[in-house]
Amino acid sequence: MIPVWVGAVAAVAAAASSEAPRPPAELPAYAIGDAFVFSDGRVEQVAGIDGDTISWKGLQGGAYQRNRNFVTPPSSWRMDQGEGRRIPSQRAAAIWPLVAGKSVRFTVINETRLASDRPWERNMSLWTCKVGPHHDTTTSAGSFDVFTIGCELYSPVNMRLLERVAWDYAPDLGHYVRRTNVDYLAARTTTIVLTSALHGHAATRERLAALAAQASGAAPQRP
Amino acid sequence: MSRVAAPAPVRIDTDADGYQYRRGEIIALNLDPAGLERVRELGYKVVSSQRLEGADVTLHVLRGPPEAAKGLAQLRQASPSSTFALNHVFDPAADVGGASLAPVRPAVGRPCACRVGIVDTGVDPTLRDLRRTHLVQRGFGGGEVRPEAHGDAVASLIADQMSGGGASGSGSELYVADMFSTGPQSGTAASLIGGLSWLTQSGVPVINISLTGPPNPVVAKVVQNIIEKGVVLVAAAGNDGVAAPPAFPAAYPDVVAVTAVDRLRRPYHYANRGPYVMFAALGVDVLAAGPGDSPQTVSGTSFASPIVAVELARRLSRSDATAARKALQAVAAEAVDLGVPGRDPVFGYGLIESRP
């Protein structure tokens, strides 16, 4: 055995660093199959890519679409008989590339219906988002240099603060590693943290199921 | 005329961590006669027992009920001095396509009479790059050598480095253990162990492993034995992503794990990261030889590790633990530190490039 290799090498490793300052972070680029596992056991896997629209799926269904600009709400979703779609204003895109201090305000048109034979109901929401300074953060998936993007949802009627979402976006990963939702109406805060992520070829259902079970502390289940 | 029974189809299962293994197959090390008897009493058939001098082990392949994973604890209890594991399936550590930059040929150093072994797919011996080296191949997946694009690329990159990019030979030798000789599902832990042992016995001082798979106690023991013999194992760090669990054999102690960077020295987007990463080398949008000598553009840590393997082989004429340690120190001293100063989980000690 040669256990001294690592220490011995450390003593002679070159010292000059070429670390560059963090450049602005570009929109995430995904590949089909890429998957992200979070601390509550949820799995978000890229099922399709159509321009800037990413189709996501979980291990147990629950498909939805969202723009690569993930600070905007899901652009379409289906659940049971119901479905919804959201159309953000063009201004939402101005948050990218991420630079500390940048902020944006945008509106989102929300349309929902309880079933395909029911009429669409429409309302509008107001969002503001601001990029914080980049900083290091560590999750069980590793250490990451992240930008925290804080977004707030306001009622268009009385400008009351309804919800706050904070995203820790890791440019090296191309996804967020932490998301905190504060729902002021329900007085509830939820945080999910990335526990692992797999590139498409490695992201089989079996591996994702195992990682999801580990993340949530549940017994592994066959998908 | 005698009838030859068709081989039973290979079925693949997944273990509790979602990794693939051959259904019902368990591998074991160094079972004594009493241990073999207890294994049989538990209902397992001993498919093969093979003494592997290079790895200094006796490898047994056992076949039992389909739910082999459940039987592991029982086997370990029956023979505590042996090591047991599932016969996991490994993958070549490569990505195809998605080139974002113009393909680039890695810089080459001086020609060397290096001796390098690889465990990979088979390679096409008629490739122009491979005619510059003395090539020896053997199949470990249950059949004859079967050339595939992955092995062609890895072997051609190594041969190019060893020949210094020249047209003539340099007295170098390349030993190829084809662990996928009967297809992807033949690339098992048992095939990997057989290949590693043969290469060690062949006397190569450096073995390149551009493959990844799960942690496997039997492979880990064999890797440890081979490193103790003074052979340097260089392995691709893996392409599962920056937040993926560690990839093996790269993440075993004292294996030289290599990540990939592009020609602008940026880390490969899908390269694994972790404390086990030791070096970085060019491995994105790399021009390598493909089937029929057609050039192929490849990306992945698979294609970075050959550069480090040859840089180490330049300094080693035979397997020797002391010489291996010195070679590693010498290569580390030449690493160009990237990222945060010192060793880090992204680039390890830094970038290794061949220099003329």
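What is the mean pLDDT of chain A? It is 87, and 88% of the residues of chain A reach 70 or more; pLDDT is the predictor's confidence in each residue, from 0 to 100. This is a predicted model, where local features need pLDDT of at least 70, side-chain atom pairs count only at pLDDT 80 or more, and totals for chains, interfaces and linings use all residues. Residues are numbered from 1 along each chain as its sequence is written, and side-chain values use heavy atoms, without hydrogens and water.

**View 1. Strand β4 and its partners in chain A.** Helices (H or I, at least four residues) and strands (E, at least two) are DSSP runs, numbered from the N terminus. Strand β3 (residues 53-58) pairs with β4(A) in the antiparallel sense over 5 bridges; strands pair if DSSP finds at least two bridges between them. Look for the hairpin, which links β3(A) to β4(A) through 2 residues. Here A:Trp56 stands opposite A:Tyr64. Strand β5 (residues 76-79) runs antiparallel to β4(A), joined by 2 bridges.

**View 2. A:Arg66, a buried residue without a salt bridge.** A:Arg66 sits in strand β4 (residues 61-67). A:Arg66 is buried (under 20% relative accessible area, 1.4 Å probe, protein chains only). The nearest side chain of opposite charge, A:Glu44, is 6.1 Å away; a salt bridge needs a side-chain nitrogen of Lys or Arg within 4 Å of a carboxyl oxygen of Asp or Glu.

**View 3. Backbone oxygens beside the A:Arg66 side chain.** A polar atom of this side chain lies 3.1 Å from the backbone oxygen of A:Phe70. For the backbone oxygen of A:Thr72, the distance to a polar atom of the A:Arg66 side chain is 3.0 Å.

How values were computed
Chains are lettered from A and ligands numbered from 1 in the order in which they are written. Buried means under 20% relative accessible area, exposed over 50%, partly exposed in between (1.4 Å probe, protein chains only). Lys and Arg count as positive and Asp and Glu as negative; His and the chain ends are not counted. A polar contact is a pair of N or O atoms within 3.5 Å; within protein, one must be able to donate a hydrogen and the other to accept it, and residues adjacent in sequence count only if both atoms are side-chain atoms.
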